[in-house]
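Hi everyone, thanks for making time for this. I'll walk you through a few spots in one structure, so please get it up on your screens.

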Amino acid sequence: MSVEVGERLIIAKHRASVRYVGPVEGQEGTWVGVEWDDPSRGKHDGTTGGRRYFSCSCDSPTAASFVRISKVSRGSSVVDALVQRYTNQLAEGQAAADGQVFLHTSSHRKVWVELVGEQKVTERLSKTELLQAARLVGANASHVGPAGALAAAAPNLVQLDLTDNLLSSWGSVAQICSELPQLRVLQLSNNRLALPCSMHSGGPDAVQVLLGLQCLVLNQCSISWQQVGVLQRCLPNLLELHVAGNNINSLRLQLDLQEQQQQHAAELQQPSAGQPQQQQQQQQQCDSSGVDGSLAGFKSLQVLGLEDNAIADWAEVLRLAGLPQLRRLHLSGNPIASIAYPAHSIGLDALASQQPPAAAALDKQQQQGQQQQQQPYGQLEALLLGNCRISSWADVDALNLLPRLAELRLSGNPLFDAEAGAAGGGRRYEVIGRVAGLTLLNGADVKPRERRDCELRYLQTILADAQQQQQQQQQQQSQAELQRQHPRLAELQAKYGQVIAAAAAKPSQQGSSLSSTTCELTLRHGNSSSKKKLPKTITIAALKLLCGRLFKLPPDQQQLLLHVPETGEEQQQQQQQGEDIGQDDTKNLAFWDVVDGCAVEVLHVDVEQQRAAAAAVQLSRQQQHEQRMAQQLQQGDALRSVAER
């Protein structure tokens, strides 16, 4: 068996990459120098006997070893793995001795199981030519197989999952796509692929064979953003790309020499006298916005996953703003600490100044559509920023400038850390109040009723800040500072009418009218309690969701008892049991005349016990009804007997 540098191997059930093949001084035969996936398994870093034979990609002093070539295994082909997987030759957990199947328990015991209908399922799956989706996770496939074999085995594959295999060459990916013309989704996570690093080293036929691919997953493949940039030449129709967990810290692409020469030649071509100045102004606009024009090949990309990388500067994220169709951007798990939105749209000022009279006469609606299309992230609808380092409300305000943002994830950031004190607090209502278009926040829907309640509560918070500033500064200074801290203030005033606008302008006089729409409640469950200031328009259903988040109690297992603060002895005795307000989820707090100082006791209700009690009550009522009917019949019989006498 022969191996080549760069290949992926299995050595005694452990994986490694080939870094050297040849003789070793003082040893006989051919040796293979490998870099282990687990850097603690090795004995050196590629240097032995005072001589360096190869270098490792990591800095560990124990990442490398030399093994005899007879001890290594190249794994299997994708074709063999597919046939073995779907003809039940290598089913997960199957014992080779007797064909039985077992499951591993948490205590590492084997529990034997019997498969019902195994033969029928096996017969259906064994027809691999009918498969449209195949999952070959951890199959140790290192190459595709003979030319044409994959096309003959599964010509109708649309989705193929090759996660955690031994593929090492982008040529294998090209072969897979060329033999499977209907393939649209390809999952290659945990494969250490050697992707080309130059825009012109991918091969002339690569553009043709990958035209049909629409979704590519390269999570934890140890690739760089430069290599991702090369792939845009091969994937012009790609809609979804995931490159999470690759330690990417910059999204800037460096053009190679040939690309620079082509760009320089294009700049020398000047078709008209006015053309160069317009292009220069547009280029200045793009540069000031931080947009990277070298991503033009991903013109169709709609979803980009960059989770769990090392991106720390929002300026790097702005390089993606030129992707015209980008709708979802996943950035969770990156050390991003701040967010900024460009102060102007890309090239709009330059284009407007150079518009001919005919273009200026375009329909107004069409111009607005073109303007939104040219805005940075003009099509972005979902932005995931969970577990980052965002700690300022100004960063949340910047997100409101994204014209079509509807889904946002901010959980796990210091701004919403419950231990961060008043500056944190995890205030969902304030995020909804600051970002106008959200319909989904941290995985939970934002209904129109919740939006209204949250914006009203956010306004009350703004007015409280205004009162505090008015006591310390002049009126004009306080109002200017208030507008800077809350950019949506004017919008919310216009939205909720003259009463809210007057309250914001004169908080000392109108604060009481707005505060009358809210109440301060104490929510209690066992030994836990929490004080919340809530709008009186909040429904019991929403209150149950809030209590569920606070006390980890499902809404259908809650009983809400309202306790009103009373001073009379008789009234206090009446309030000891509390008033059950949880029967109708559509009612709001105002219906129950809730005021400041009230307490809501949250009791845990056993659903099964409640159902059993309701069934027992129903049975008792039915028995009582039957007894009354029997008594009436007896009385009727007695009356008839008397009449007959």
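**A strand on the inside**

Let's begin with strand β6, residues 64-68: four of its five residues are buried, so the rest of the structure largely encloses it. Buried here means under 20% relative accessible area, exposed means over 50%, and partly exposed is in between, using a 1.4 Å probe and protein chains only. Strands (E, at least two residues) and helices (H or I, at least four) are DSSP runs, numbered from the N terminus.

Before going on, a word on what we're looking at. This is a predicted model, where local features need pLDDT of at least 70 and side-chain atom pairs count only at pLDDT 80 or more, while totals for chains, interfaces and linings use all residues. Residues are numbered from 1 along each chain as its sequence is written, and side-chain values use heavy atoms, with hydrogens and water left out.

Okay, which strand pairs with β6? That's β3, residues 31-36, which runs antiparallel to β6 over five bridges. Pairing means that DSSP finds at least two bridges between two strands.

**A mostly covered helix**

Next up is helix α4, residues 170-179, where seven of the ten residues are buried. Those are Trp170, Ser172, Val173, Ala174, Ile176, Cys177 and Glu179. Now look at the start of α4: a side-chain oxygen of Ser169 comes to within 3.0 Å of the backbone nitrogen of Gly171. For a polar contact we want a pair of N or O atoms within 3.5 Å; within protein, one must be able to donate a hydrogen and the other to accept it, and residues adjacent in sequence count only if both atoms are side-chain atoms.

**Charged pairs**

How many salt bridges does the structure hold? There are 18, each being a side-chain nitrogen of Lys or Arg within 4 Å of a carboxyl oxygen of Asp or Glu. One of them joins Glu316 and Arg319, at 3.2 Å from N to O, and both of these residues are buried. Another links Glu407 with Arg328, with the closest N and O atoms 2.8 Å apart. Glu407 sits in strand β19 (407-409) and Arg328 in strand β17 (328-330), so this pair ties together parts 79 residues apart in sequence. Arg328 counts as partly exposed, at 27% relative accessibility. There's also a network of salt bridges linking Arg451, Glu455, Arg488, Glu491 and Lys495.

**A residue in a loop**

Is Asn413 buried or exposed? Asn413 is in the loop between β19 and α14 (428-434), and is buried, with a relative accessible area of 2%. The side chain of Asn413 reaches the backbone oxygen of Leu410 at 2.8 Å. Leaving aside neighbours within four places in sequence, Asn413 is in contact (heavy atoms within 4.5 Å) with residues including Leu385, Asn387 and Arg389.

**A sheet with a helix on it**

Last stop: five strands make an open sheet with mixed pairing, in the order β23-β22-β26-β24-β25. At the edges are β23 (528-535) and β25 (579-580), each with a single partner strand, so one side of each has no neighbour in the sheet. Inside the sheet, β24 (558-563) and β26 (599-604) run antiparallel, joined by six bridges. There, Leu560 stands opposite Val602 in β26.
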